[in-house]
Structures are given as C-alpha cells and as structure tokens.
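Please look over the sequence and the model below before reading on.

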Amino acid sequence: MFRAILATQWKWSRGMLLASTCLAFALPLLSMRAADRALAESDARLLLGAVQSFGMFYALCAALIGLLVAATAWTSDHSGRHVYALSLPVERWRYVAMRFGAGATTLGAPLLALTLGALVAIASVELPAGLHAHPFALALRFALAMLLAYAVFFAIASGTKRTAGILLAVLGAIILFEVTGEIIGIRASPFLWFIERVMDGRGLFGVFNSRWMLIDV
Amino acid sequence: MTDAIQTRSLCYRASEHFEVTDLALTVPAGAVYGFLGPNGSGKTTTIRLLLGLLRPRSGEITVLGSPMPAATPSVLARVGYVPERPHIYPSLTVAEAMRFHAAFHRRWDSAWATALAATFQLRSDARVGSLSKGEMGKLMMLLALAQRPELLVLDEPTDGLDPVVRRDMLESVLGYVAEHGATVFISSHLVHELERICDWVGVMDRGRLVAELPMQTFKDGIKRLHVAGAAGDMANAPFVVLKRDRSDAAAEQWIVRGWEPGMQSYIEGAGATVREVVDLDLEDGFVEMLRAARTPTTTEV
C-alpha cells in the first residue's frame, strides 16, 4: 500500500522535486561562489560572514520544498472530495500516515542533493586555518527544516475549506487588531510576538532561524 | 447471514434543510436491490452512511454482518463501490489506477481486470482525466468488480451514459452476480433500468424510505382501479390506496398498491363496484407512490 501511495506522490511531485533537487545541489556551490573573495584572500572572518549571509537561502529553500511537497500530497484527494481515499479499505489514520510518509520520503531527493552539493563545494576550496566544513550538520539541519515545514503545511493542506476559513479568520483578526492598535496608539503586536516566540532558538521553528553554516569554526 | 445490509432507525442530518430520517433498510444477501428515488432524495447520503464515509447521528448499520462505521476498513475490503461522481485520481493512467487500487485489495484479480479492460476497450496508457464519461464509468466498474467483492454498491452507475455503455456495464454486473452470488445495491432514478435487473426495490423520498418490497410484488401490485359508487374509508383495506380521484359524479379512479386478484370483494363490501383493473408500468407506479408519500393526508404508503 505504501509503495502505491509513494508512486502517486512521486508522479504528482516529480517535476517540482527535480527542480528542488537541482536547487538544493546548487545552493552549497553558490554559497562558495559568494565567498570567492574571502577564500582567495584566505580571510576567515570575511568567509564566515559570507557563508552566514547565505544561510537564509537554505532556510527558504527548505520551507519552499516542504510547502510544495505538502501541497501535492493532498491536491488529488481534495479534487475528488476524498471519496476515493475514504472508500479504500484502510483506517483513516493509516492512510494519512502513509500519505505523510510518502511525501517525507520524497524529501530524500533534495536532501541527498544538498549533501552531495555540500561535499562537492568543500572539496573544491581550501579553507583558511581554524575553519572547518560541516556538510553533514548542514544537511541534518536542512532535513529537519524541510520535514518541519512539510509537516506544518501537510497538516494545513489536509484540512477542509472550513479549516482554511478558520485560519484566514484568525489571521484577519490579528491584522485587524494590529491596525486598530496602530490607530489608537497601542504598540502591541501579537503577530510579531508569536513569530519571535516560534522562531527563536528554543521555539518550534527555531531550526529556520539558527546558523546555517557550511563552514564554521 | 441472511441480510447483506441492514439499518435500523438510522438518522443523519446533512444540513438544515435535509436529513435522513428513521431509515430501516433490509437488503437480503444475494439480492439485486434497486434503490430508487428522485434526485436529492437521499440515496447518495444513505450509500455513504452504509459505507462508513459519513457518521450517522443515531441508529444502527450492519453491512455483511459487521457494524458500521466501526468495521469500515474490513467491510470496505469486501465491498466494490462505484460512486456517483468519478473519484479516481485524474493524473494517473488506467494501468496506474488499476495498480493503485490493487495494492489495497487482497482479492484483486489481475487477470480478470486485464480481461475487463479489454472488454471495456480501455487503453491502459490513457490518462484517467482524459477519459470520456462512458470510459470513466467503465473504469470505475472495472475497479469495483476486479476486487471480487461480496457486495457491489453502485451509486447511479449508468447516469448520463449512452445505451451501449449502460448495457455493457449492467451485463458485466449481472455476469459477476450470476457467477459469484454477490449482492448488488444499485441506486438510480431510472426506473426502467432497475426494473430489468432488480429483484428487490427500495424507494427513497426526502430522506425517508417510502417502500421496500420484492420487485415482482411492486410490479404486480400497483393498479389503477375504476370504481363506481361511493366507497367509504379504506384505511383498513388489505391494499394501500395511493390516490383517489373523482372522474365523474358516479365514479372514481384509484391508484392502489398491494393489489391482488379477489380484492374487489373488499371494495364491494364497502358499497362500491370495481369496473376495471388496469396494470400500471413501474414508472407510473413509482411516480404515484412518490406523490402519495408527499401528500400530507396519506398516512401509509
């Protein structure tokens, strides 16, 4: 059953996965390209700055891949109003788990590409003294970020129009609250407060906000 | 096990304006049960309740001897379902759709599926989304049959199909039933289609089961009577009066259900005379039954 679901997931997302895999392979190489000058001058501080400034692209790429794979996981079931999935002789939780697992499995392709890209990137440069390459740590962080983004978007995408409506209503209420607060001079932003909480190092999405360093001390 | 499907006091509220009320269905094992009703009468909702796709508000459902929706996965493994609207993933090819379906059904018969695809002239490399309505219907029927079900649940399977495709599909169903003794639960609003193949009929209207009886009884028992004289109240008659119309000052036209030869004497005992008994075809009977069910004064249908 899982293989059948995996085959459908692959079919629905293979184009997007191919593009993501190419992008994931290219990212570490591009990060080294961005650090060309620092590498040429063998300047450790400059190199670390260049590598760090490139870090957000890994986070963005991981989030984007998670989002796209999650979206493709449910599109076909949504279009058939889930009748087919519900009429299959399998418990609902098991079907959802298999759908989740199939999407998560396909994330292996961009992850592998990023690992290979990182290995190729560090093999092609000579690091200044005191600096080390961390391709596997970067790959692990990328895997966690992709998986987290995928899990969140998978949960959102699995919902009905009603769920989407509730989420939009909550978002609308927050925006309304902030706009009203701005007008009457209250500088409270629950949205920013929430973002700060979930994105800081100990927050749920902390992995996106941490150091994405292919090269570090 | 004598009944393939049984529901008791089944209730489901779909919206403020529509609910299935106090539904008591009995589908004998091995029967070809026609589930008749106009559009919007609750046939599809009932089928979804039977298959565990919807959760009832109250009541009991037993399918193939197991309680629903508690035993949904194990029951669905034994049920072939053709829904009202195409539900198969449109981006798959016919061959991929068959492989996907087969992965979930242990009793899948690959050889027969291939043979059915050839019979139905379905190209294995055709994309499901590009199939015509008739081809889509055939593919859904193929998937339902090749899993070798004990119960086939078909929700308006031939609606909108041309007569040739319709005949092909129904023949494949009847062939399967003849060979395996499976039960068929088929919903439709096309009365004549069910008349040819069903041995039981249940009639739904506005979320209620209006009648449930053997097809032959239904066909034989619906009559138009030309009655002379003024018969009194027929509430305790051995037949059911669906409709009484005064045709002229001295005569009435009645539509009755459950009529049997010899029942004229009951009417004569009530002071009237049966001048003529006319057979109604199934569609007329069906229409009159629905009209009677919708008339507030009718207490029993």
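A residue is called buried if 20 or more other C-beta atoms lie within 10 Å of its own. Is B:Arg78 buried or exposed? Because B:Arg78 has 20 C-beta neighbours inside 10 Å, this residue counts as buried. The place of B:Arg78 in the chain is a loop, the one between helix H2 (72-76) and strand S7 (79-82) of chain B. If residues up to four places away in sequence are left out of the count, B:Arg78 touches B:Leu64, B:Pro149, B:Glu150 and B:Leu151. By way of a further distance, B:Leu116 is 38 residues from B:Arg78 along the chain, and the C-alpha atoms of these two residues are separated by 19 Å. As for the confidence of the prediction, the mean pLDDT of chain B is 86, and 97% of the residues of chain B reach 70 or more.

From one residue we turn to pairs of helices. Two packed helices are described by the angle between their axes and the distance between the axes. In chain B, helix H5 (residues 133-146) and helix H6 (residues 163-180) pack with their axes 10 Å apart and at an angle of about 5°. Angles under 35 degrees count as roughly parallel, and therefore H5(B) is roughly parallel to H6(B). On one side of this contact are B:Gly134, B:Gly137, B:Lys138, B:Met141 and B:Leu145 of H5(B), which meet B:Val165, B:Met169, B:Ser172 and B:Tyr176 of H6(B). Sorted by class, the residues of the contact of H5(B) with H6(B) are five nonpolar, three polar and one charged.

A second pair is found in chain A, where the axes of helix H5 (residues 92-106) and helix H7 (residues 135-158) come within 11 Å and cross at roughly 140°. Which word describes the way H5(A) lies to H7(A)? At that angle H5(A) is oblique to H7(A), and the crossing of H5(A) and H7(A) is right-handed. Here A:Val96, A:Phe100, A:Gly103 and A:Ala104 in H5(A) meet A:Leu147, A:Tyr150, A:Phe154 and A:Ser158 in H7(A). The residues of this contact of H5(A) with H7(A) divide into six nonpolar and two polar, with no charged residue.

Stepping back to chain A as a whole, we find a secondary structure of ten helices and two strands, and from the N terminus on these elements run α-α-α-α-α-α-β-α-α-α-α-β. The C-alpha trace of chain A spans about 60 × 55 × 25 Å along its principal axes, and of the 217 residues in chain A, 32% are buried. If we take the contacts in chain A between residues at least 6 apart in sequence, 80% of them join residues at least 24 apart.

Finally, the two chains meet: 16 residues of chain A are in contact with 17 residues of chain B. On the side of chain A that touches chain B, helix H1 (2-34) and helix H4 (83-87) of chain A each supply at least two residues, and H1(A), with five residues, gives the largest share. By class, that side of chain A has nine nonpolar, four polar and three charged residues. The scores for the model are an ipTM of 0.77 and a pTM of 0.79.

Terms used: Residues are numbered from 1 along each chain as its sequence is written. Chains are lettered from A and ligands numbered from 1 in the order in which they are written. This is a predicted model: local features need pLDDT of at least 70, side-chain atom pairs count only at pLDDT 80 or more; totals for chains, interfaces and linings use all residues. Two residues are in contact if their C-beta atoms, placed from the backbone, lie within 7 Å. Helices (H or I, at least four residues) and strands (E, at least two) are DSSP runs, numbered from the N terminus. Ala, Val, Leu, Ile, Met, Phe, Trp, Tyr, Cys and Pro count as nonpolar, Asp, Glu, Lys and Arg as charged, and the others, Gly among them, as polar. A residue is buried if 20 or more other C-beta atoms lie within 10 Å of its own, exposed if 12 or fewer, and partly exposed in between; C-beta atoms are placed from the backbone. pLDDT is the predictor's confidence in each residue, from 0 to 100. Axes are lines fitted to C-alpha atoms, for helices over the stretch in contact, and angles run from 0 to 180 degrees between N-to-C directions. Angles under 35 degrees count as roughly parallel, over 145 as roughly antiparallel, 65 to 115 as roughly perpendicular and the rest as oblique. A crossing is left-handed if the near helix is turned anticlockwise from the far one by less than a right angle, and right-handed if clockwise.
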